[in-house]
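Please open the model in a viewer and keep the selection panel at hand.

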Amino acid sequence: MTPRRRPAVRHLVLAGVAAGWLAVVVQGITYRDALWFRYYVVNVVWLQDVVLVLGALSAVILLAGRSRARPPAGTWASLPAVSILIPAKDEVRVIEGAVRAACAQRYGGDLEVIVVDDGSTDGTGALLERLQAELPITVVQTRPGSFGKAEALQAGVRASRGAVLAVLDADARLAPDVIATMVPLLAPPRVAAVQGRRLVYNAGRNWLTRFQDDEYRIFQTLMQRARQALGGFVCLAGNGLLVKREALDAVGGWNADALTEDIDLSVRLHLAGWEIRYCAEAQIWEEAVVTLRDLLRQRERWFEGALQCLGEYLPTILRSGLPLVRKVDMLFFLSGSLVGALAALTAYAYALVGALLEAVVYVRLPGPLVAWATAVLTAATLAALTTEVGYHPLRLLGVMARWTLFSFHVLVIVPLAVRRYVHGALTGARDWRKTAHEGGAG
């Protein structure tokens, strides 16, 4: 049975986050002149703690990402049957490339390709009919009124027979040996899933796709490698993943309510005691979004989905018997952007208080400590980047400059995602918005 949301729990977590943030902000404001209520002393020293903790944790993770050690593989008594699932909704511009790449896989065991047409209205259905006459694929339809990628995947599972399920997005491009490379990593009994390395094939399209190329090729790779090396929260990323059917069934399948079904499944697999592996050698190429509007819509959904998982599973995570490193890393993954954004927004709130109330504002952030924290994080980042970029000062500085600029989009998407999360938590409304694809050379 597909897991369902528990609104009461989500409201409780939401209220707790809001109340905690408000308490810290209010605690930082003390009266200087109680008679006139005009002058305040603002103590934001707690922001220093946020900066130092997040900086130290990020530095450790990035440095650990220099490790290129491959996860241990196993040996199957006989190669398992693999079902490749490709959900598609209005993907006529890109779906043919993904289908042909899936059918071209060189794998020694049984392999089937199932494309799930999720109510497309743009000609995807007609294109799939043509491909079905040429290639060994099965096309299935979702049920009327289905919601999001998770339900499309469930339709694919019902039509499949493989003991291993592979998931590709409609814009995926991959070499013929990707499935064969990943399957051995699933052989150990407690390994539930393997995630391949996601890359973008249209990095040269514009400045925004270049930023996403840095993000996928360098930073996401480093973070996944680091989490694997440290025993942290290795996470599935939606495109280019393999999961055992028995593990998927054991945790209730894909969650039809989840906006980010990959993160939701990752959390449930870890909580159930399963392991997830990362395989950087298996490269899956996809299309980066090309407009700022589409990027903000995509990232807003991603972050809202992470908030959903935090609201749904926080009590279970805290009570779980997960190793401490994995538990902390899981919470950091689900809430790290929120904490950082709240710190920034709080700083803005204090500045507004000072401006409107003509306040005298004392910001007691010890300069040397913040300087050291910034220096350590910067040095750790540069050291980690050399693994992917090499020892080229200008290239390293270019990546750092682009990444710093790109990171500012978080300050836009976090308030938008929080607003949507609050609305959904209070009303039960759901709005799953797919990533836009324009097609082109891949």
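Contact, as used throughout, means heavy atoms within 4.5 Å. Helices (H or I, at least four residues) and strands (E, at least two) are DSSP runs, numbered from the N terminus. The model is predicted, so that local features need pLDDT of at least 70 and side-chain atom pairs count only at pLDDT 80 or more, while totals for chains, interfaces and linings use all residues. Residues are numbered from 1 along each chain as its sequence is written, and side-chain values use heavy atoms, with hydrogens and water left out.

**First stop: α7 and α13**

Select residues 207-230, which form helix α7, together with residues 393-407, which form helix α13. Their axes (lines fitted to C-alpha atoms, for helices over the stretch in contact) lie 10 Å apart. The packing angle is about 110 degrees, on a scale that runs from 0 to 180 degrees between N-to-C directions. The two helices α7 and α13 are therefore roughly perpendicular to each other; angles of 65 to 115 degrees count as such, those under 35 as roughly parallel, those over 145 as roughly antiparallel and the rest as oblique.

Next, display the side chains at this contact. From α7 come L208, R210, F211, Q212, D214, E215, I218 and F219, and they meet V399, R402, W403, L405 and F406 of α13. By class, eight of these residues are nonpolar, one is polar and four are charged. Ala, Val, Leu, Ile, Met, Phe, Trp, Tyr, Cys and Pro count as nonpolar, Asp, Glu, Lys and Arg as charged, and the others, Gly among them, as polar.

**Second stop: α3 and α4**

Move to α3 (residues 95-103) and α4 (residues 124-134), whose axes come within 11 Å and cross at roughly 25 degrees. That angle makes α3 roughly parallel to α4. Here I95, E96, V99 and R100 of α3 meet L127, L128, R130, L131 and E134 of α4. The contact of α3 with α4 has five nonpolar, no polar and four charged residues.

Now select T260, in the loop between α8 (245-250) and α9 (261-271). Is T260 buried or exposed? T260 is buried, with a relative accessible area of 3%; buried means under 20%, exposed over 50% and partly exposed in between (1.4 Å probe, protein chains only). Beyond its neighbours within four places in sequence, T260 is in contact with R301, W302, G305 and A306.

**Final view: the chain**

Zoom out to the chain, which comprises 14 helices and 10 strands. Of its 442 residues, 52% are buried.
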